[in-house]
Amino acid sequence: MRETLRAALTIYAKDVRLELRTRETLFSVLAFALVVAFIFTFAFEPSPQLIASIGPGIVWVAYIFTAVLGMNRTFLLEHERGTLDGLRLAPVPREALYLGKLLSVVTLLVTVEALMLPAFLVLYDLSLFNVWFIAIAVAATVGIAAVGTLFSAIAVHTRAREVLLPILFLPVALPLLIGAVTGSREALDGEGWSGMGGWLQLIVAFDIVFLVLSSLVFEYVLEE
Amino acid sequence: MTTADPSPTTGGAGAWRLGLLLVAGVLVLIDMYLIFGYAPTERSMGIVQRLFYFHVPVILTSFLSFALAAVGSVLYLVRRNRAWDRLAYASAEVGVVFFTSAIITGAVWAKPVWNTWWVWDANGTLTFVLWLIFIGYLMVRAYAPDAERGRRWSAVTAIIGAATVPFVYMAADWWGGLHPERVTGPGAQGSLEREMLLTLLFSFVTFIVLFAALIAERYALRSDEDAIEELRLAAA
């Protein structure tokens, strides 16, 4: 167990160091998130009343599309440089590879989501600086990464990788999206735990089930 | 005809499958008569209610196909026996057809009765999500770099898809709670007439037999394909 964890952290540290030196993925993904958020401005001509009802939806559509792009990007770079083949040869448990990549994806997505908070404030006058919203966002992002890391590892090796990841990932992630949007709306309405507690529990239960299941089946994905 | 044919689908197995298909055909004909000739017309919904005898058995068979695909996928990954993969693949292929029929009959029935093509309640949402997962399952197989990885990856897809079922159901159910309750439709129906119940039960049997016959066909086709692949590998 400790060995797995150490191997996972080594892979994670490698990803973080690489990203800090190149800053390739973070900024391209962040730019995409900004473009999505910006497009919605013109799609809806948002008024304050409209934002109160559709704001959380805009935020989460932007987040989840960004997640799809970000996960695709992360694995594509690994694939092109042959890093995945190298990792596969490493004498570490398969769960360590999954866990390491998962941590990298969560870090990337949470960073982008945090950097998007001021953008939503400026574009929509939507203040997301709310403890419950942040709790929901982090929990949902873990779930997104848990499923997305597994499916990205599949999609990146196929001929239709850009199309395949969203087709595989979005239907499975639907409970997360429903929970995140509805829970966020309750949180932003100032409902607190009584309003969004159930949704947060659903999201956390999703996280646990898919973290365990995905790490178990990850070896079948990587096997040559 | 003295040498044994290597193909597993000819001979006794082939005759057995043909028989099943014929039985399914006869059952479908009788079922059509029961649905359109025997069952009485429902009072409030009228003729469109006859879709009930298609929709309900088809949707339940669709869910059965998903369960089969998930079980077949788990067993394939654990045992590495291609037979389980063939079962899962056949279930997914036939399942897509059944899910599509269920979605179409559901929409056509919902429009006159609920005045909307689609209701995003727990059942409707789950049906749609499982349909999409089956499409993903078939796409993974189609786009995988080789057949072996296609089998493994599609199995993973089916397993992850099965795990999401309770979450989709619960999330959609809670979310749907914000919308007005529906007052008509299958959920709100009282007890069925005797003739209606009989027709429904017969429809269930019909669609299960039809499903089994189609699965057997696809399974046999996959067996042949695997046999050909092995022969080709042996020849190379």
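**Exercise 1. The crossing of two helices**

Determine which hand the crossing of α3(A) and α6(A) has, and how the two helices are oriented to each other in this predicted model.

*Solution.* Begin with the hand: in this predicted model, the crossing of α3(A) and α6(A) is right-handed. Next, recall that two packed helices are described by the angle between their axes and the distance between the axes. For helix α3 of chain A, which covers residues 48-80, and helix α6 of chain A, which covers residues 131-155, the axes come within 10 Å and cross at roughly 40°. Now compare the angle with the cut-offs: angles under 35 degrees count as roughly parallel, and 65 to 115 as roughly perpendicular. The two helices, α3(A) and α6(A), are therefore oblique to each other.

**Exercise 2. The residues where these helices meet**

List the residues through which α3(A) and α6(A) meet, and sort the contact by class.

*Solution.* On the side of α3(A), the residues are A:Ile64, A:Ala67, A:Met71, A:Asn72 and A:Phe75, and they meet A:Ile144, A:Gly148, A:Thr149, A:Ser152 and A:Ala153 in α6(A). Sorted by class, this contact of α3(A) with α6(A) consists of 6 nonpolar and 4 polar residues, with no charged residues.

**Exercise 3. Chain B and its side towards chain A**

Describe the elements of chain B, and then work out which of them gives the most to the side that touches chain A.

*Solution.* Chain B has 6 helices and 0 strands, and 37% of its 236 residues are buried. Among the contacts in chain B with a separation of 6 or more, 78% come from residues 24 or more positions apart. Turning to the partner chain, 27 residues of chain B are in contact with 27 residues of chain A. On the chain B side, the elements that give two or more residues are α4 (122-143) and α5 (147-176), and α5(B) gives the most, with 16 residues. By class, this side of chain B divides into 22 nonpolar, 4 polar and 1 charged.

Definitions and conventions: Residues are numbered from 1 along each chain as its sequence is written. Chains are lettered from A and ligands numbered from 1 in the order in which they are written. This is a predicted model: local features need pLDDT of at least 70, side-chain atom pairs count only at pLDDT 80 or more; totals for chains, interfaces and linings use all residues. Axes are lines fitted to C-alpha atoms, for helices over the stretch in contact, and angles run from 0 to 180 degrees between N-to-C directions. Helices (H or I, at least four residues) and strands (E, at least two) are DSSP runs, numbered from the N terminus. Angles under 35 degrees count as roughly parallel, over 145 as roughly antiparallel, 65 to 115 as roughly perpendicular and the rest as oblique. A crossing is left-handed if the near helix is turned anticlockwise from the far one by less than a right angle, and right-handed if clockwise. Two residues are in contact if their C-beta atoms, placed from the backbone, lie within 7 Å. Ala, Val, Leu, Ile, Met, Phe, Trp, Tyr, Cys and Pro count as nonpolar, Asp, Glu, Lys and Arg as charged, and the others, Gly among them, as polar. A residue is buried if 20 or more other C-beta atoms lie within 10 Å of its own, exposed if 12 or fewer, and partly exposed in between; C-beta atoms are placed from the backbone.
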